[in-house]
Amino acid sequence: MAREQWTSNLGFILAAAGSAVGLGNIWRFSYVVGTEGGAAFVLIYLVTIFLIGYPLLTTEIALGRKTQKNPVGAFKALAPNSPWWLVGAMGVLAGFVILSFYSIVAGWSLAYVFKALGGFNAGDDFTGMFVGHITSVWPPIIWHAVFMALTIGIIASGVVNGIQRATKILMPVLFLLLIVLVVRGLTLEGAGAGVAFFLTPNLGDVTGETFLRAVGQSFFTLSLGMGALITYGSYLKREDNISDSAGWVVGLDTGVAIIAGFAIFPAVFALGFDPASGAGLAFMTLPAVFAAMPAGTIFGFMFFLLLSVAALTSAISLLEVVVAWVVDEKGWTRKQAALTIGGIIFLTGLPPTLGMSLWSNVTFLGMDILDTYDFFASDILLPLGGLLTAIFAAHVWKTKNAVEEINSPKGTIVFGNWYTILVGYIIPISVAVVMVWGLYTKLF
Ligand code: PHE
Ligand code: NA
């Protein structure tokens, strides 16, 4: 049977943007910007997105389209009888770990769809609402189960049908809702302090950990370093250009994150939240903004519904990486693979939520279980996977072949032999330096 393909280039861009745009742009971006001190982090993040994220995103898509394989198969195809396939295997592991906690946070978002319906009212204790939810035992587990069931259902039903359908209309609506939030946030009394926090860098506070978290966030938000884009690229047609499509994905993803920053930080300062409060920042602040606007119940309901959909289109790309691997390499059927792997991920997702309730005394390096999963996968596995993919593309697959695949057919953005310098040297060296330095400041 012929391998399924995206029915159009737009279909590919939408699916890849669907993978990229998710909780990473709103929940994770705002919380890490807050804990890492604001604008200086944002600056490092933006530089990383353009100098490291964009070239690597393009490279991953090219690897996928060239080999028409899952991440493990892609490395095996281009470097047979070598250990390079382990990079793909590391990506499968990262996908597994990320989905385990991603589904928990997506479950919070689903729960908030219903909390919004109950009404967000001025003067409510939104911090108490959030803390009460995440420290309860059953509700987060049930929403996690619902979210995993949805993800499994879509993956079991097949690539093109399952993935392409939802994204087309819903993403623009999410974007419009964010704009509404920006307008409300910026017009709140005292919003200026939040704008300053988000835009005026204080380079004095930057440490190795700031860099590591910025690189980790760049990889996480672009779905990079674990083969999600290799997998999606493997369904891309030869007639479609890669470099421009990748440009669209990077632009959309970064745009949503920055807009989300403007929706959240002015409100954080105006309404008296602590920017460094961690993983709950968006979930505590945004309901307070909805409470401060007309028709806030409807807007809040729509927002959390669309955030859950955005999370779903990201989650299906995470599960797809693991499923594509067992389907291609082990010969399972899609249904079997989606159900079995999804079921296991449901179970490995239990510790991150129990870590906020029954197991709240369990910590590693000061992080709870969810943050530990996140740190290990997003700040270690993804950058390491990206670094090795860069070395592989430029030196093993070779610049000439990578650039040829990226440029056929030629797009507006044309790659040249500078690829060796950037992807073969600058990216791996800078990511390695940041990882060593960041881990050092984190550990000592
Ligand atoms: N990029 C997604 C987000 O920002 C998360 C993700 C990471 C998806 C890695 C796939 C792979 O929410
Ligand atoms: Na993202």
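Guide: Let us start with His395, which lies in helix α17, residues 369-406. Keep in mind that this is a predicted model.

Visitor: Why is His395 called partly exposed?

Guide: Its relative accessible area is 25%. Buried means under 20%, and exposed means over 50%. The value for His395 falls in between, so His395 is partly exposed.

Visitor: Which distance separates the C-alpha atoms of His395 and Val423?

Guide: That distance is 9.4 Å. Along the chain, the two are 28 residues apart.

Visitor: On to ligand 1. What makes the approach of Ser223 a polar contact?

Guide: A side-chain N or O atom of Ser223 is 3.0 Å from a nitrogen atom of ligand 1. The cut-off is a pair of N or O atoms within 3.5 Å, so this pair counts.

Visitor: What about the backbone of Ala20 and Ser19?

Guide: A backbone N or O atom of Ala20 lies 2.9 Å from an oxygen atom of ligand 1. For Ser19, a backbone N or O atom is 3.3 Å from a nitrogen atom of the ligand.

Visitor: How much of ligand 1 does the protein cover?

Guide: It covers 100% of the 320 Å² of accessible area that ligand 1 has on its own. Ligand 1 sits in the largest cavity.

Visitor: How many residues surround ligand 1, and of what kinds?

Guide: There are 14, with Ala20, Gly24, Tyr102, Phe220 and Ser223 the closest. The shell has six nonpolar residues, eight polar and no charged.

Methods
Residues are numbered from 1 along each chain as its sequence is written. Chains are lettered from A and ligands numbered from 1 in the order in which they are written. This is a predicted model: local features need pLDDT of at least 70, side-chain atom pairs count only at pLDDT 80 or more; totals for chains, interfaces and linings use all residues. Side-chain values use heavy atoms; hydrogens and water are left out. A residue is near a molecule or strand if one of its heavy atoms lies within 4 Å of it. A polar contact is a pair of N or O atoms within 3.5 Å; within protein, one must be able to donate a hydrogen and the other to accept it, and residues adjacent in sequence count only if both atoms are side-chain atoms. Accessible areas come from the Shrake-Rupley method with a 1.4 Å probe; for residues, only the protein chains shown count as cover. On a 1 Å grid over the protein atoms alone, a cavity is a set of points where a 1.4 Å probe fits but cannot get out, and a pocket is an open set with protein on both sides within 12 Å along at least five of seven lines; lining residues have an atom within 4 Å of a point. A molecule sits in a cavity or pocket if more than half of its atoms lie within 2 Å of its grid points. Ala, Val, Leu, Ile, Met, Phe, Trp, Tyr, Cys and Pro count as nonpolar, Asp, Glu, Lys and Arg as charged, and the others, Gly among them, as polar. Helices (H or I, at least four residues) and strands (E, at least two) are DSSP runs, numbered from the N terminus. Buried means under 20% relative accessible area, exposed over 50%, partly exposed in between (1.4 Å probe, protein chains only).
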